[in-house]
Amino acid sequence: MTGSTPAIFTAEDYRVRMARAAGAAAEAGLGGLLVAPGPDLVWLTGYAPPVTERLTLLVLVPGREPVLVVPALEAPDAERAAGASALTLLKWTDGEDPHSLTAELLDPKGGVGVSDNAWALHLLALQRVLPDLSCAALTDALPMLRAVKDAAELELLAAAGAAADAAFEEIRELPFAGRREDEVGRDLADLLRRFGHSQVDFTIVGSGPNGANPHHEVGERVIQRGDMVVLDFGGLKDGYGSDTTRTVHVGEPTEEERRVHDVVRAAQEAGFRAVRPGATCQDVDRAARAVIEDAGYGPYFIHRTGHGIGVTTHEPPYMIEGEEQPLVPGMCFSIEPGIYLPGRFGVRIEDIVTVTEDGGRRLNNTTREMVVVD
């Protein structure tokens, strides 16, 4: 992930986020958090440095000012980050040991949460300096850290969803029959960028039997009349994610194809209607899955119902059996049930949904009815 989050976020916003993260660490029994370059660092500070072998690490310790350990040659960029005034920069130069500098900020016998994408190179070096330090992955220790979005974040997610919707409205008007999947995928990527995305994370175009593979992405198969085509695409716009899926048909579908599509549409609607504060993540999965199982297609729904979204397109919480995390207003996640018939076709329908005070709100609003394309 490169670039920075929009100017809509101020240093005070980042100060509040860092304080909340440090407080959450204390509540989890941790002595602090170590945040490497990546989405967590961007969310906490607005800073997206290059990922290199030189150590950059945000150190959050409850009750202390946040410290960003940063290479001296990158300090000017760090100082320009939106959240820079809310933290202290600890600069190090080539030849110094940044892990020893970092160790001085930590309890040598304590426990810390470490961002998932921290390099083993740095973590192992830090543990050599502090052999009694215990570490836990941030997703395990604080899975809900970024899960509840504020009003500004919700606005950005809604704008990203609207941009993805605009891309779908245009792609459905383009020809499909006789073109390769990768050609349609390039069109989708171009449309996402035209509607404001700075980063395209994926463009899945699964035609005919390829649609029975949920993560097929694109290939050289030529799309034919009579094909069902799964279109799943998204990326980042102004630092926040989009992710939507619609399944279209090239020419008129058969009765069975319409039936399968209707079952998935009903399942997606059931998952959406299960969204309300206090319900659990697994309640959403159960509601969607029950519709598909009752229709006799249970064995062909082979993935979780949804995933969180924010500064990344996949993050906690996850809509899956066994996840008892209660839904809270401001959470955002996908609801994307599917049916995949091996060797034949697949159907998936996906919206991003946010939890409101009394239910849920969709951030994708294109039709969920069967769309016939040429």
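Glu-217 is partly exposed, with a relative accessible area of 44% (buried means under 20% relative accessible area, exposed over 50% and partly exposed in between, with a 1.4 Å probe and protein chains only). The residue is placed in the loop between strand E7 (199-207) and strand E8 (228-237), where helices (H or I, at least four residues) and strands (E, at least two) are DSSP runs numbered from the N terminus. Asp-238 sits in the loop between E8 and strand E9 (240-241) and is partly exposed, with a relative accessible area of 38%.

The model is predicted: local features need pLDDT of at least 70, side-chain atom pairs count only at pLDDT 80 or more, and totals for chains, interfaces and linings use all residues. Residues are numbered from 1 along each chain as its sequence is written, and side-chain values use heavy atoms, with hydrogens and water left out.

The peptide bond from Pro-316 to Pro-317 is cis, with omega near 5 degrees. Pro-317 belongs to strand E12 (residues 315-319).

Two packed helices are described by the angle between their axes and the distance between the axes. Axes are lines fitted to C-alpha atoms, for helices over the stretch in contact, and angles run from 0 to 180 degrees between N-to-C directions. Helix H7 (residues 151-171) packs on helix H8 (residues 181-194) at an angle of about 135 degrees, with the axes 9 Å apart. H7 is therefore oblique to H8 (angles under 35 degrees count as roughly parallel, over 145 as roughly antiparallel, 65 to 115 as roughly perpendicular and the rest as oblique). The crossing of H7 and H8 is right-handed, a term that applies if the near helix is turned clockwise from the far one by less than a right angle, and left-handed if anticlockwise. In this contact (heavy atoms within 4.5 Å), Ala-164, Ala-167, Glu-170 and Ile-171 of H7 meet residues of H8 including Val-184, Asp-187 and Leu-188. The contact residues comprise 7 nonpolar, no polar and 3 charged (Ala, Val, Leu, Ile, Met, Phe, Trp, Tyr, Cys and Pro count as nonpolar, Asp, Glu, Lys and Arg as charged, and the others, Gly among them, as polar).

Helix H9 (residues 255-273) contains His-261. This residue is buried, with a relative accessible area of 1%. Not counting residues up to four places away in sequence, His-261 touches Thr-247, Val-347, Ile-349, Arg-368, Glu-369 and Met-370. H9 packs on helix H10 (residues 281-294) at about 155 degrees, with axes 7 Å apart, so H9 is roughly antiparallel to H10. Their crossing is right-handed.

The largest nonpolar core has 33 residues, of which Leu-33, Leu-44, Leu-58 and Leu-68 touch the most other members; such a core is a set of buried Ala, Val, Leu, Ile, Met, Phe, Trp, Tyr and Cys residues joined through side-chain atoms within 4.5 Å. Elements giving two or more residues to this core include helix H1 (11-27), strand E1 (32-35) and H7. Another core, of 18 residues, lies apart from it, with Phe-168, Leu-192, Val-205 and Leu-231 among its members.
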